[in-house]
Amino acid sequence: SKASFLIPIGQNDFSALVIGRNSIETCKENNKRLEIKSSLLQKTTSIICYCTIDEGYRYLLSDDCGKLYLLILERDKHNENLSTTVTDIKLDLLGEISISRYIIYLNNNLAFIGSNFGDSQLIRIFSEQQNGSHLEILESYANLGPILDMCSIDVERQSQQLVTCSGNRKDSSLRFIRTGIGIHEHASIDLRNIKGIWALKINNQYDNHLVVAFFDQTRLFHLQNDEIEEVELSAFDYQHQTLFCTNVTSNQYLQITTYSIRLIGNNGQDLLIEWKNMNNEITVASANTTQCVCASGNQLFYFAIGSGSLTEINKCELPHNIACLDITPLDLREERTNLCVIGLWTQISIWICRLPTLDILHKELLTSDTLPRSAVMITFDDQPYVFISLADGPIIYYLLNSEQGLLYERKKVSLGTKPTTLTICQHIDLSNSSTVSSRTVLFACSDHPSVISLSNNKIVFSSVNLHEIVCICSFNSEYYGSSLTLVTDMGVILGRIDDIQKLHVRSLVLGESVQRIVFMDEEKIYIILTQYMDVYKSDSIVSICKQAHQKIDCTTKIKGIEELTNLQSSNTSHSIVILDQHTREARISVKLLNNEEATSLCIITFTDDSATPYIVVGTTIGFENDDDEQRLGRLILFRYKNNQLNMITEKEINGSPYKILPFQGKLLVAISNSVRLYKFSVEKQELTQQPESYMGRMKCLELKIKDDFILFSDLLGSLTILRYNINENKFEEIARSIYPQLTTACEFIDDDTFICSESDGNLISYNKNSDSTKEQERTILNELGLYHLGEEINTFRHGCLVTQQTTESTISLENCILMGAISGYIGLVLQLPPTLYQLLMSLQLILAEYVTSIGKIDHSSWRSFRSDGRSNVSYGFIDGDLIETYLDLPKTVQLELITNSHKGNNIQLNTTVEELVKLIEELSRIH
């Protein structure tokens, strides 16, 4: 076989290892060649990567099936120190790894496997077998590439999830990507109509009791190991609703109900002190280890808590009823605070008062906002904040000057539509396996629950993947560890939340290549197209098509296809696999005919049967060296319902159906260089081709639709815009781009604007020149922007991984487009209004001069467009990563950049630091 690698042996030996596709031999001048004969070297595999362990002695080799080998060169044993003669070659199989691009031997039997097709790995090599392998995978490093296809789905109408077809060959997988935080449930209690919940440590260093408040009563639960039982301790009040409950100083407990404040001792058995407001019931309350505040209407009371004492220190009357209170210490290690946050009803405002005097330090009117429902003081990275939730869902937060009690730099974010409750929790970060760290976060309970934290000096709102959370508390259990108790409308969940990070990626290993994916919302299933080869067979992975509960062999009634598929056997099989959305188990797999390859897939409802969704699969039958136009193919129509898949009809076609899409109740198909339209007859149960079709110049690479417009890209002709004339039932060419290029993906931004990527890692945006009075100009697509991304994009999909949060935003997420690349890169393109574009372009020019790039590469040079001898400076695109570096700059530098922006050729930034930071923070939250 042809040589793939030449590996020098030793320093001055003038000999080399010659690695071929499936052969290994040594070669030395004037010496006889020594070749290895091993059953491990199969004809169907290739050695693709190597690494030296010992110079001239041991080597690591890997093949394209993910097998790792140890190659040992044996020397002349009689004169081992002086001899350079290789007497024998041994090859041992160590085990399975990801299909590697690089192998780096580190030390102490550790090696790093760098993979383009799967996850990179850190492995340990054993001299003796352990559990049937010489390898142990110590860590895996997620790699989403190459992304071949993806779909964006709406999960329970609350958050977006991106599902990618990632990897290749045996390392292929589906990756489920969400920005939300998942819940890992430990236990649950079936309770409804809960108003509040608190954890207590009673005669224990760990939380072991839960106080649960209802509208007119309170209940107490004891948790021991994994058992939960309701108990009653004599000193607690169970006849009224609890407003607040906590452990306080000297091993005591404080329970504040609508009726009284109770200081409890002796492990819940003794009522030490009870304070009642004889005139009115208590409406809101807050406490810490040594302090307590409560309100009755517009009356505010402040108490000091001591050993066996609850002393009323001060009280005052405010002009309006009190809606919420908080006296959480800004440093949670402290036992007391000198500030109290107060929210008022009628005069919708937030007041800061001094403790113990109750002197008012600051008043902040919430002018156009609704009533405050919850308020919390919290410190993130030594910076105090005050967060206020409003009755209709939004959250307002301020920076807090803790010395003077002043609020400043107001910001507002919308999380939901219902009242939000704010609770401080401790979150254990398990992302680093070597250390376990805890940090303080703020949990916002609403119909769109979120965890609020600080990341890279920015406040981050991470949505939680639950439909609605009423209230929450931390619960540090001896049995379950650091956990949370979450109250939903269905009951109480005791569990742990995922690590707080930007994206959460979960993987489903397929064990075979996956090319296409679609999601059927009606049946909550994924449909994927897979390819299996015998060389993928693995002891550790069962291919997804073989895991299916129901396995079906696809048949055909088309005589020409039946004869063609029986000509010769193949070691490759293609399948259609249906996966459950929630369990991700394979329900059904359909094995296609011999030598039949599935190339395209879509979900469609036809005009004649608009209530029924169908699955359409485009296939091609052919052999190596076949011309695409000489191939036969077919369109197969399936119906899936109640876990049953039925083949409805099939349609023979000449050529390969690269893309199929639903279009105005018909099926739009790109076959070779043509675009055709097919109609389905429910009565005849058949697909028929419409008479008119469009012929392009070369093979179709991509097809997208919007209303009656079609975006068509072929191998040489770049982009073409077509319109389907319904009255005349024909395709009309509207405009095309004049520069030939190899387009890898394209998408509609809106009716008149389009984006595409090409093989040199560039993005290009176009628009139709519809307003021109000259016919020739109207037939040419105008280039709106050029941008070197440095990534080869494989697919665009409309969607966004976050929901719109900021209520005061002028940024619309309607035209967000996600893009996936061969490298595993996932990016976001957002259309900007002209004024915002001009502002950010000016900032980009300033930052490009100030911010030092990696490798000191000039920003304008890196982003300049270069392709096939054509080059141009970048325009029409904003580099979002560069813009967000503004948030990392010191405030003095931020101000200086704006102040000096009028110098040079830059357009002056007519904005303030506060407005610009707010805008960029908002942009940063959408990805």
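Domain bounds here come from an automatic or database domain assignment. The model is predicted. In this assignment, domain 1 covers 3-141, domain 2 covers 183-501, domain 3 covers 510-695, and domain 4 is made of 834-854 + 876-925. The C-alpha centres of domain 1 and domain 2 lie 61 Å apart.

N208 is placed in the loop between β17 (196-200) and β18 (209-213). Buried means under 20% relative accessible area. N208 has a relative accessible area of 7%, so this residue counts as buried. Its contacts, leaving aside neighbours within four places in sequence, are L200, K201, I202, F221, H222, L223 and F475.

## A five-stranded sheet

Another open sheet has five strands in the order β45-β46-β48-β49-β47, with mixed pairing. Its edges are β45 (513-520) and β47 (550-553); each has a single partner strand, so one side of each lacks a neighbour in the sheet. The twist averages 20° from one strand to the next.

Strands of a sheet pair through backbone hydrogen bonds, either parallel or antiparallel. Strand β46 (residues 525-533) and strand β48 (residues 572-580) run antiparallel and are joined by nine bridges. M533 of this pairing stands opposite T572 in β48.

## Salt bridges

Side chains of opposite charge can pair when their charged atoms come close. The count of salt bridges comes to 26, with a salt bridge taken as a side-chain nitrogen of Lys or Arg within 4 Å of a carboxyl oxygen of Asp or Glu. The table gives some of them.

| Lys or Arg | Asp or Glu | N to O distance |
|---|---|---|
| K170 | D171 | 2.9 Å |
| R262 | E274 | 3.0 Å |
| K730 | E728 | 3.2 Å |

In the salt bridge between K170 and D171, K170 is buried, and D171 is buried too.

The side chains of E274 and R262 also meet in a salt bridge. E274 lies in strand β24 (residues 270-276) and R262 in strand β23 (residues 260-265), so this pair ties together parts that are 12 residues apart in sequence. Are the two partners buried or partly exposed? E274 has 30% relative accessibility, so E274 counts as partly exposed. R262 is buried, with a relative accessible area of 10%.

K730 and E728 form a further salt bridge. K730 counts as partly exposed because its relative accessibility is 30%. E728 also counts as partly exposed, at 48% relative accessibility.

Strand β61 (residues 718-725) and strand β62 (residues 730-736) run antiparallel, with six bridges between them. The two strands form a hairpin with four residues between them. In the turn, N729 has a positive phi of about 55°.

## Helix α7

Which residues of helix α7 are buried? In this helix, which spans residues 891-899, the buried residues are V893, Q894, L897 and I898. They cover an arc of only 135° around the axis, so they lie on the same side of α7. An α-helix has 3.6 residues a turn, so residues three or four places apart point the same way.

The buried residues of α7 pack against α4 (834-850) and α8 (913-924). On the face of α7 turned away from the buried side are the exposed residues K891 and T892.

Definitions and conventions:
Residues are numbered from 1 along each chain as its sequence is written. This is a predicted model: local features need pLDDT of at least 70, side-chain atom pairs count only at pLDDT 80 or more; totals for chains, interfaces and linings use all residues. Side-chain values use heavy atoms; hydrogens and water are left out. Buried means under 20% relative accessible area, exposed over 50%, partly exposed in between (1.4 Å probe, protein chains only). Contact means heavy atoms within 4.5 Å. The arc is that of the directions from the helix axis to the C-beta atoms. Two strands pair if DSSP finds at least two bridges between them. Axes are lines fitted to C-alpha atoms, for helices over the stretch in contact, and angles run from 0 to 180 degrees between N-to-C directions.
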